Amino acid sequence: MEKDSPRSVSFRTHRRGERSGLSVLGRDVEGGIFPGKVAPDSAIKIVCKKGVIRLLLVGVILWVVLILLATLFHVWSCHSSISILSAMCNKNSTVLDMLRNMGFVAKPQLQHRCPIPVANDPDKIVIPEGRTPDKIVKKLIYVEDQVVNDKTQSSPLFGGHESWSQREESFKLKPTMKVHCGFIRNGGGDMIPVDIEYAEKCRFMVASGIFDGYDIPHQPSNLSPRSKKLFCFLMVVDETSLEFIKGNVTIREDNNGGKWVGVWRLILLKHPPYDEPRRNGKVPKIITHRLFPKAQYSIWIDGKMELMVDPLLILERYLWREKNTFAISQHKHSHSIYEEADANKRRKRYARPLIDLHMKIYRYEGMEPWSPQKKTVSDVPEGAIIIREHTAMSNLFSCLWFNEVDLFTPRDQLSFGYVLYRLGDAFKFFMFPNCEYNSLFILHPHIREHSSRIEWVTSWSQLKGNGTIKDRGKDWDQANAKNGLVESRGGLGLWTPYPANLDSVVLPKVERTSKAG
């Protein structure tokens with residue numbers, strides 16, 4: 001008994017401690033510290049807390065995924081060739097800038113738009129007195145009557161029957177020069193008397209043109225009261241375009257019979273000189289001084305463009321500030337005429353074999369591809385805006401440029417650099433950055449893409465009627481087809497035997513630097 005007593009006391013003490021520990025454990029479980037038997041309301045709380053945490057995590061993940069998807073879509077749309085998607089892109093966005101800086105998105109090689117350093121107030125611009133003096137060519141005379149000696153030649157043609165020897169002579173500069181420059185008598189391109197009378201009053205003008213119903217007039221923006229009084233806004237149209245404009249916008253007629261769409265005075269060009277609409281558009285564009293001989297200053301803009309800068313500011317920036325007489329923008333992509341010719345073929349801008357022949361003639365005559373060693377910024381312009389003072393030298397350049405367009409393809413960007421090459425340092429001009437060009441206007445799309453069926457031609461056999469054009473575009477039925485695939489009044493130099501063998505001429509290899517060309 002004596003031996004068992006301490007053991008019993010010890011045992012009881014141990015059990016009391018065990019019960020005490022259990023009671024503490026029970027209290028701690030209720031307090032949520034240790035696992036054990038859990039009250040029902042505590043279990044619900046735990047489940048709710050875990051559910052909320054999971055929901056938050058799922059929400060955060062979804063939010064991150066959505067941001068990533070939106071960013072990827074934004075980047076994709078900015079690099080998409082689909083016009084609708086590309087138009088949705090804000091290429092100056094903070095997101096794109098951040099991704100470019102991090103190296104995830106390639107930085108753009110060229111800035112699309114940039115600020116133009118124009119003066120602040122058109123009213124404060126001082127207009128130069130008189131005219132810029134002529135130093136090299138002082139007098140320019142135009143061939144207006146064409147004597148036809150060859151019975152195979154038709155007569156008359158708007159551009160005249162310029163021979164190869166006459167063409168060569170026209171590049172030799174003399175104080176007095178006589179050159180072809182369109183408007184051969186009875187060759188077409190006639191204005192009606194009421195329009196001639198109005199245009200004779202215009203010293204400053206903004207000129208544009210629409211042919212074959214390609215566009216409708218777009219009203220200039222940001223015009224100052226001074227420019228509205230100073231400038232004539234002349235929109236040259238053919239009869240097809242006049243009817244198209246009548247059906248789509250309101251035309252106002254003044255007391256003298258002049259037709260107006262907003263600030264634009266419509267100038268009807270009767271008897272279009274060519275059967276290819278694009279070539280007709282080169283008449284008011286390139287030889288503006290022949291159509292409007294009283295003008296001293298002109299700004300040409302293509303019919304698809306909406307001018308956004310006051311024209312007086314344009315003249316001050318591009319001509320008067322640095323005493324220029326001719327200004328044009330450099331092309332966004334092409335520097336070499338051979339690169340631009342390749343782009344024209346890919347985009348179906350004219351018959352491929354004729355573009356190749358055009359370039360072979362220039363290559364034979366010594367026209368090198370553009371390189372940084374050349375004195376020109378580029379051999380290829382964006383011809384949609386041309387800013388000029390009509391001096392003798394500026395007019396001569398325009399005539400020679402037009403003659404090349406008349407003789408060969410109507411793609412004037414292919415001929416511009418060649419005429420620069422032939423005149424050398426004698427012709428001074430200002431070729432301004434393309435990003436400024438894009439800041440001068442808003443570009444509206446043409447009603448349709450192609451003007452005549454010759455643009456789909458890919459081989460000589462098709463031109464000669466021995467092949468079928470299979471890859472016809474959506475504009476095929478609307479495109480001009482009055483004279484089949486071959487023009488009858490323009491581009492005749494491509495069908496006149498050239499006084500040399502071009503078979504051995506190899507065109508320079510072209511490195512395609514962009515999709516647009």
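1. Three disulfides are found in a search of the whole structure, a disulfide being a pair of cysteine sulfur atoms within 2.5 Å. This is a predicted model, in which local features need pLDDT of at least 70 and side-chain atom pairs count only at pLDDT 80 or more, while totals for chains, interfaces and linings use all residues. Residues are numbered from 1 along each chain as its sequence is written, and side-chain values use heavy atoms, with hydrogens and water left out.

2. Cys114 and Cys435 form a disulfide with their sulfur atoms 2.1 Å apart. The pair links distant parts of the chain, 321 residues apart: Cys114 is in the loop between α4 (94-102) and β1 (139-143), and Cys435 is in helix α16 (residues 434-437). Helices (H or I, at least four residues) and strands (E, at least two) are DSSP runs, numbered from the N terminus. The link of Cys114 and Cys435 is right-handed, with 70° about the S-S bond. Cys114 counts as buried at 13% relative accessibility, and Cys435 is buried with a relative accessible area of 13%. Here buried means under 20% relative accessible area, exposed over 50%, and partly exposed in between (1.4 Å probe, protein chains only).

3. A separation of 2.1 Å is also found between the sulfur atoms of Cys181 and Cys399, which form a disulfide. The disulfide of Cys181 and Cys399 is left-handed because the torsion about its S-S bond is about -85°. Cys181 is buried, at a relative accessible area of 1%, and Cys399 counts as buried at 0% relative accessibility.

4. In the disulfide of Cys202 and Cys232, the sulfur atoms are 2.0 Å apart. The torsion about the S-S bond of Cys202 and Cys232 is about -90°, so the disulfide is left-handed. This pair links distant parts of the chain, 30 residues apart, with Cys202 in the loop between α6 (193-199) and β4 (204-210) and Cys232 in strand β5 (residues 231-237). Cys202 is buried, with a relative accessible area of 2%; Cys232 is buried, with a relative accessible area of 10%.

5. The count of aromatic pairs comes to 30. Rings of Phe, Tyr and Trp (its six-membered ring) pair if their centres lie within 6.5 Å; planes under 30 degrees apart count as stacked, over 60 as edge-to-face and the rest as tilted. The pair of Phe158 and Tyr274 is edge-to-face because the ring centres are 5.9 Å apart and the planes lie at 75°. Phe158 is in the loop between β1 and α5 (164-169) and Tyr274 in the loop between β8 (264-270) and α9 (277-286), and the pair links distant parts of the chain, 116 residues apart. Both Phe158 and Tyr274 are buried.

6. Tyr362 and Phe408 form an edge-to-face aromatic pair, 5.9 Å centre to centre with 85° between the planes. Tyr362 lies in helix α13 (residues 352-364) and Phe408 in the loop between α14 and α15 (412-423), so the pair ties together parts that are 46 residues apart in sequence. Tyr362 and Phe408 are both buried. One aromatic cluster is formed by Trp164, Phe171, Tyr362, Tyr364, Phe408, Tyr418, Tyr421 and Tyr498.

7. The charged end of Arg265 sits over the ring of Tyr198, 4.5 Å from the ring centre. Likewise, the charged end of Arg290 sits over the ring of Tyr142, 4.2 Å from the ring centre. A charge sits over a ring if NZ of Lys or CZ of Arg is within 6 Å of the ring centre and within 35 degrees of the ring normal.
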